[in-house]
Amino acid sequence: MSKYTTEALRSVALVGHGAAGKTTLAEALLLATGAINAKGSVEKGNTVADFDAQEKEAGHSLTSAIVNFGYENTRVHLIDTPGYPDFSGQAIAALAGVDTALIVVNAQTGVELMTERMMRYAAERKLCRMIVINKIDAENLDLPGLVADIRERFGKQCMLLDLPAHGAADVVEVLEHDAGDADFESVAAAHRALIDQIVEEDEDLLAQYLEDGADPTATALHAPFEKALREGHLIPILFTSAKTGAGIKELLHVLASLAPNPAEGNAPPFYKGEPGDKTEPFQAEPDASKHVLAHVFKVVADPYLGKIGIFRVHQGTMKKDMQLFVGDSKRPIKVGHLYQLQATRLISTASCTIRTMRTISTSCRSNFPSRWPAWLSKQRKRATNSACSTSWPSWLWKTRPSSSNVTRRATKRWSAASARST
Ligand SMILES: Nc1nc2c(ncn2[C@@H]2O[C@H](COP(=O)(O)OP(=O)(O)O)[C@@H](O)[C@H]2O)c(=O)[nH]1
Ligand SMILES: [Mg+2]
C-alpha cells in the first residue's frame, strides 16, 4: 500500500520544444531530491530519462519517461516528454496522466513551435500550467524581452513566481518574499502583482485585503492560488538552470506546496458512450473505495515482460490479481504484476490508489488490447496535424461495480473527451 495520501501526490509533465532542457531538468530534480547520486548528461548519454539506445545516439528524447521523487512530504510523479514535433504524440498522450504541465522554454531561443502547441494542448486538457524558463546561465540572454513575449502570446496571466538573481546564480521567490535583489524587475512589484491576482479569486479574501492592506497568509492564499491555476487565471513563470542548479530547489518547493494534488486539479474530461454516438459527460470520483477506473496513457513492449501498460488511476484502488475490463469487453485482464516506474526500473508494488501513475504487466498477454500498435501509429501521424492533434490513445480499465444495473452502465465503452473526434 502506498504510504502517500492523495493530498501528498503531484503528477507533472515536462513539455516544450526540443533542446529546452527538459531531460536535464528531470535529472537536476532527481539529483536535488536524492533520487540519484550523480547527475548524468544528455551529451554523455547517461541521463535517467533518456535511457533508450536510440535516444542516446540521437542525443534527445524519443519517448516519454516516467520518474518519481519525494520532496517536502510529497511524492512527485514526473513525465519527461520528447520535444521535437515528430515525436509529439508521446507528449500529448502524457498530458492525460497529469494535473500540471510544466512548459519548459529555452531562454536562448525563446518561444518555439512546440512551446505554443503544448501550451494550447494543456489548456484544452484543462491542466494547470506553469512556464519554466530554463538555461538562465547562458550568455547574451534577453530575459525581460522573453517574459514580455510570453505575456504577449499567452496573456497577462503569465506572472512571475520567481526572478533570477545575482547574475542568474540563483533565483528569488516572489510569493513569499516582497523584497530582495533580482537581475531585472522589482521583487516588490512582482510580489504585489501576484498577490493582487490571487486574492481576486476569493471575494472574502479580497475584501479583507482591501480593508487592512496586509498580505494574506500562505495558508489563506493556497486555495485561491489553486483556483487561479485551475481556471487558467494564473500561469506562473519560473526560472531555472538545469546545468548549474539555479532555481531547482525553488521549483521543487513550488511543486510540493503549490502544484495541485489530484483532488485539486481539474477532473479529466471523460465521456460515456461510443465515439461518434451520443455521449454524456462523466466525472470520475477520487474515492479509493469505489470500483477502479484507470486510464492507460502509454503502452510499451518489453522483451521480457511483454506489453506493459502505464496508467493513471482516476477512481478506486488497483490491486495485484484484480480483474479489469477494457471498454465493454467480456474477457477480463488480470493484473499480473503491478509496478512503480523509475524510468526503466520496475519496483513491485501491491496496490495503487487514486490518480497515481503505475505500470502493469498482465499475466495473460493476449488479453491486452490488440489495437494498440494502430493507435500509436495513427497518433504519430496526427501529431503533425494540428487539426486533430488533441487525440491520444485512451483506454479506461475498470473493475465491474457490484450492482447489476451499474454494471450495465459501466460496460458501455468509456472514452476520453478527445477520442470523440476520431
Ligand atoms: N547552458 C545550459 N545548457 C543546458 C541546460 N539544460 C540543458 N542544457 C543543454 O541543452 C541541450 C538539450 O538538453 P535536453 O535536456 O536534452 O533538452 P530536451 O530536449 O528539452 O530534453 C543539452 O546539450 C543540455 O546539456 C541549462 O540549464 N543550461
Ligand atoms: Mg529530452
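These legends describe close-up views of one predicted protein model.

Residues count from 1 along each chain as its sequence is written, chains are lettered from A, and ligands are numbered from 1 in the order in which they are written. As this is a predicted model, local features need pLDDT of at least 70 and side-chain atom pairs count only at pLDDT 80 or more, while totals for chains, interfaces and linings use all residues.

**View 1**
Helices (H or I, at least four residues) and strands (E, at least two) are DSSP runs, numbered from the N terminus. Of the 422 residues, 46% are buried. A buried residue has 20 or more other C-beta atoms within 10 Å of its own; with 12 or fewer a residue is exposed, and in between it is partly exposed, the C-beta atoms being placed from the backbone. Two residues are in contact if their C-beta atoms, placed in that way, lie within 7 Å. Take the contacts between residues at least 6 apart in sequence: 65% of them join residues at least 24 apart.

**View 2. Seven strands make an open sheet with mixed pairing.**
The strand order is E2-E3-E1-E4-E5-E9-E6. Strands E2 (65–71) and E6 (158–160) are the edges, and each pairs on one side only. From one strand to the next, the twist averages 30 degrees. Two strands count as paired if DSSP finds at least two bridges between them. Strands of a sheet pair through backbone hydrogen bonds, either parallel or antiparallel.

**View 3. Strand E1 has partners E3 and E4.**
E1 covers residues 9–15 and E3 covers residues 74–80. They pair in the parallel sense over six bridges. Leucine 14 has aspartate 80 in E3 as its bridge partner. E1 and E4 also run parallel, joined by four bridges. Here valine 15 has isoleucine 103 in E4 as its bridge partner.

**View 4. Strand E4 is largely enclosed by the rest of the structure, because seven of its seven residues are buried.**
E4 spans residues 100–106. Both of its faces are covered. Thr100, Leu102, Val104 and Asn106 lie on one side, and Ala101, Ile103 and Val105 on the other. Seven bridges join E4 to E5, and the two strands run parallel. Leucine 102 has methionine 130 in E5 as its bridge partner.

**View 5. Helix H8 spans residues 218–230.**
H8 has 13 residues and reaches 18 Å from its first C-alpha to its last. That is close to the 18 Å expected at 1.5 Å a residue; the expected span is 1.5 Å times one less than the number of residues. Its buried residues are Leu221, Pro224, Phe225, Glu226, Ala228 and Leu229. They pack against strand E5 (128–134), helix H6 (187–199) and helix H7 (203–212). Glycine 232 follows H8, with a positive phi near 75 degrees.

**View 6. Helices H6 and H8 pack at about 85 degrees.**
Their axes lie 8 Å apart. Axes are lines fitted to C-alpha atoms, for helices over the stretch in contact, and angles run from 0 to 180 degrees between N-to-C directions. H6 and H8 are therefore roughly perpendicular. Angles of 65 to 115 degrees count as roughly perpendicular, under 35 as roughly parallel, over 145 as roughly antiparallel and the rest as oblique. Gln197, Ile198 and Val199 in H6 meet Leu221, Pro224, Phe225 and Ala228 in H8. This contact has six nonpolar residues, one polar and no charged. Ala, Val, Leu, Ile, Met, Phe, Trp, Tyr, Cys and Pro count as nonpolar, Asp, Glu, Lys and Arg as charged, and the others, Gly among them, as polar.

**View 7. Helices H1 and H9 cross at roughly 80 degrees.**
Helix H9 covers residues 248–257, and the axes of H1 and H9 come within 10 Å. At that angle, H1 is roughly perpendicular to H9. Ala28, Leu29 and Ala32 in H1 meet Ile248, Lys249 and Leu252 in H9. The contact has five nonpolar residues, no polar and one charged.

**View 8. Valine 42 sits in the loop between helices H1 (22–32) and H2 (53–58).**
Valine 42 counts as buried because it has 22 C-beta neighbours inside 10 Å. Leaving out residues up to four places away in sequence, valine 42 touches Thr23, Thr24, Thr47, Asp50 and Gly59. Threonine 23 is 19 residues from valine 42 along the chain, and their C-alpha atoms are separated by 7.5 Å.
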